[in-house]
Amino acid sequence: MALFAQLWPELQAATPIITVNRRLARHLLQHYYEHCRQQAMAWPVPLVEDLASWFVRQLVLLGEPGRLLNRPQQQALWQQVIRDDAARCGLQLLQLGATAEQAMAAHRLSCAYRLVGRYAPARAEEQAFVRWQQAYLVHCRQQDWLDEAALPPYLCQAFAAGRLTPPERLVLAGFDEMAPDLHQLCDQLRQCGCQLIEPAVAAAPPQPPRFRLFDSLNDELTALVDWAAVTPGRRLIVVPRLEALRQPLSRALARRKVAANLSLGRPLSQFGPIQTALRFLSVQEPLARSELSYLLRSPFLAGGCSQREQRVRADLALRQARLRRADCATCVDLLRRQPVDTAAVRLAELLAQQSRCRERLPCSAWAGRFSAWLEQAGWPGERALDSATYQLLESWQEKLLPALCSLDRVLPVCDRRQALAWLEQLADQILFQPEAADEPVQVVGLLESAGLQADALWVMGLHDQELPAALDPQPFLPRWLQQRLDMPRASQSRELRFARQQLQRLAGAAGAVCFSCSRRDSADEAAIQRRPSPLLNLEPLLQPEPAAERTVPAGEALMFHDDRCGLPLVTAGDPVRGGAALLRDQAHCPFKAYARHRLGLRALEEPVGGFDARQRGTLIHRLLQEFWQQLGSSTALLHRDENACRQLLQQLLADLASSSAGVWPDLQQREFWPLEADRLLELALQWQRLERQRGAFSVEQLEQVCQVSVGPLQLRLICDRLDRSAAGSVLVIDYKTARSSARVLQQLPLLEPQLPLYALYAPLPGPVAGVAFAQLRPDDCRFAALGTLDDLPGVEPLAVGDWRELCQQWRDQIEALAQAVADGAAAVQPAQPQVCRNCDLQPLCRITLRDQQEGSDAEGC
């Protein structure tokens, strides 16, 4: 017999009904009102409420609602007690909040099982908890406070003393089990003449539950949403790990266009407007550039939408200034020099104002101060509020800020940082879910499903690690005592019994019931395999169902677009951006070349402390350029000893520092310059020692810019250096600060076309006899070269025929790359896996998702 059918007479008689949770109370009321509307009858308002609400109502009847501590107040008091005890004992707790949460849970258990003061703690953790609990209870007695753990025995005494009068009849619905303190309260109600009614657990339906086994979690979710889409009537989906599976399940339901109510909300702190508010309020000096960039571009502050383009330019200017951290005054000055709106400057001024606040105020005063600062910053933004955002802001005003204000009761005053810490902690704890219409598909967790009824039920995730639940005894209570008293998660026998009880209840919760489980969380064969719960009594050789074929819903059509080719160049021979890097990127991955050089896409730079790798490369290039402009040949080098070279390099570094000071606004770079100058000096000296070992040469060109035709392309090339030997042959040199090898120039396909481009297409003062990477690394300076020259230290020359053949091979590949660029080739096709390792375009090309899809398709085949 369904629960509602059993309770219908009690609802008509207005008998008070206490449910195990709020969801069951709403479920019963919805069924009641719907049934009354169908019968076209007037109905009295029934008294249906969850247990926590019933406790509060009894306190109101006693005239003592103000004595009850809410959850934030309990947390604050526990943290204060633990902090004081740690200070007395000389202990340091790394996670005070988490410790307080565990202590609160242990306190609730010890009160529910009437253990306070009745056992001797043995371990250090147990002894510490006893001290904390005693101090906590002393605070509560001194202030005449009650917490939720003290309510059952307190109300029991009130009923016994006649201060409260119980109803004649009282219904308890959905309680799979009760703690001893609730049993004691029920016994007291019976002694006072109250008849307690506990509806029987629904019997199993005529047809036994069906079980379905799947190979992967994705297959299980797909089958589940397909079932929800085609099954008529009210459908109930029970998910034991709802918190972990909420996102993939909601995505799967949305793809199948199944309207559903998910019971578990998300913390307030995970929503954009709340994140912006918390990050705005938590700014500290010195201000991180990333925080200022986030706030400037946030659509939830003034100007974030209407001045979006100006804000983006200001963000780019801040990144180019290479500031990682700066005081707010510096940030205000930088913004005033940018073409940004006054709201952006005002935002930085507000950040400076609140970061200077050093007052100690009650939490309620801080709530008012925070609201005023956010209002001045234009929060929650300029956009019109939709229903969900409006409800979110209501939760901020009616739940989060009142919770912070309630801490005045236990925290007289605190500073801004402490108040913010509490605000952030409360935002992590308060769940939000927009109100929505009552949908025929309901998704709940395992414990929330108590008492719920539906036409069809699907329980997923019933593997051996979930049912029965893994043991998780309370760390602050003696384990032997927990097992003796049969506390939750303390013994295998208790969890087995409780799991069987849950399965029996679920099996009778609907006319058609399906249990399911997947062997793995992913389609990867290497993923950890799981087995169905042993309580299901399944065949040991049960095989998983084949994955369902992807089908297009009726009335819809898929549109395919071949994105392997972009737009070709409009006119052959037009100059294109990128130079040698364009062909290198085309060789690495056509999509990378198209996105970077045709579309101009690249990730925003993130400043680093001191000089980054690109700046270091630029500095050594400029230093060696100036050095060889002074010398010009190997003869001039050999006429100078190392001391003379050192003096020249020191002078060049001083000139380099003075000419570059304007582009180093980051104070860290200015402070690091002496260290960087020493590094550059030693590196240049190591390189000139290597150059002294070469034969006679003259430096013909340094950083020479030229415009060349490569197939249908016009490219702008910059050659680092061209040397001419005494015989008149030319060596093309490219400086590299990374590790280099000449082997990359002999491999197919050609992935580093820069040196071959210079050698084959740039105007040279003589016949090219070789190309060389000049590897500039501390203690590893060397040439990595190919060619017919025999005067490079450590390099074996090639035969003339081999060199000509290699040059023709290069030309063929370079022409093919240039033609691919002109044709608009843009396939996501990296030449090597390493190409993707440091690529910033993966969110755009989504190659990781493609590889996963191809892997799952191959496995399905």
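This is a predicted model: local features need pLDDT of at least 70, side-chain atom pairs count only at pLDDT 80 or more; totals for chains, interfaces and linings use all residues.

Helix α8 (180-191), β3 and α3 (51-62) each contribute at least two lining residues, and α8 gives the largest share, with four. Sorted by class, the lining has 11 nonpolar residues, no polar ones and no charged ones.

Now move to the second largest cavity, with about 70 Å³ of space. Around this second cavity you will find C589, F591, K592, V828, P830, V835, C836, C839, L841, Q842, C845 and I847. Two or more of these residues come from each of α22 (590-598), α29 (834-837) and α30 (842-845). Here the lining divides into 10 nonpolar residues, one polar and one charged. Over the whole structure, the search finds eight cavities of 30 Å³ or more.

Helix α1 (residues 3-12) has L3, F4, L7, W8, E10 and L11 as its buried residues. What lies over them? The cover includes β1 (17-19), α2 (22-38), β2 (48-50), β3 (169-173) and β4 (195-197). After α1 comes A14, with a positive phi near 60°.

Next, the aromatic rings. A pair of them is described by the distance of the centres and the angle of the planes. The whole structure holds 17 aromatic pairs. In one of them, W54 and F55 have ring centres 5.8 Å apart and planes at 50°, so this pair is tilted.

F370 and W373 form another tilted pair, because their planes lie at 40°, with the centres 6.2 Å apart. These two residues are three apart in helix α16 (residues 363-376), which separates them by about one helical turn. An α-helix has 3.6 residues a turn, so residues three or four places apart point the same way. F370 is buried at 0% relative accessibility, and W373 is buried at 4%.

Ring pairs can also join up: W78, F129, W132, Y136 and F476 are linked into a cluster this way.

Finally, look for charges over rings. The charged end of R694 sits over the ring of F697, 3.9 Å from the ring centre, while that of R811 sits over the ring of Y761, at 5.3 Å from its centre.

Methods. Residues are numbered from 1 along each chain as its sequence is written. Side-chain values use heavy atoms; hydrogens and water are left out. Buried means under 20% relative accessible area, exposed over 50%, partly exposed in between (1.4 Å probe, protein chains only). Contact means heavy atoms within 4.5 Å. Rings of Phe, Tyr and Trp (its six-membered ring) pair if their centres lie within 6.5 Å; planes under 30 degrees apart count as stacked, over 60 as edge-to-face and the rest as tilted. A charge sits over a ring if NZ of Lys or CZ of Arg is within 6 Å of the ring centre and within 35 degrees of the ring normal. On a 1 Å grid over the protein atoms alone, a cavity is a set of points where a 1.4 Å probe fits but cannot get out, and a pocket is an open set with protein on both sides within 12 Å along at least five of seven lines; lining residues have an atom within 4 Å of a point. Grid points are joined across faces, edges and corners, and a volume is the space filled by probe spheres set on the points. Ala, Val, Leu, Ile, Met, Phe, Trp, Tyr, Cys and Pro count as nonpolar, Asp, Glu, Lys and Arg as charged, and the others, Gly among them, as polar.
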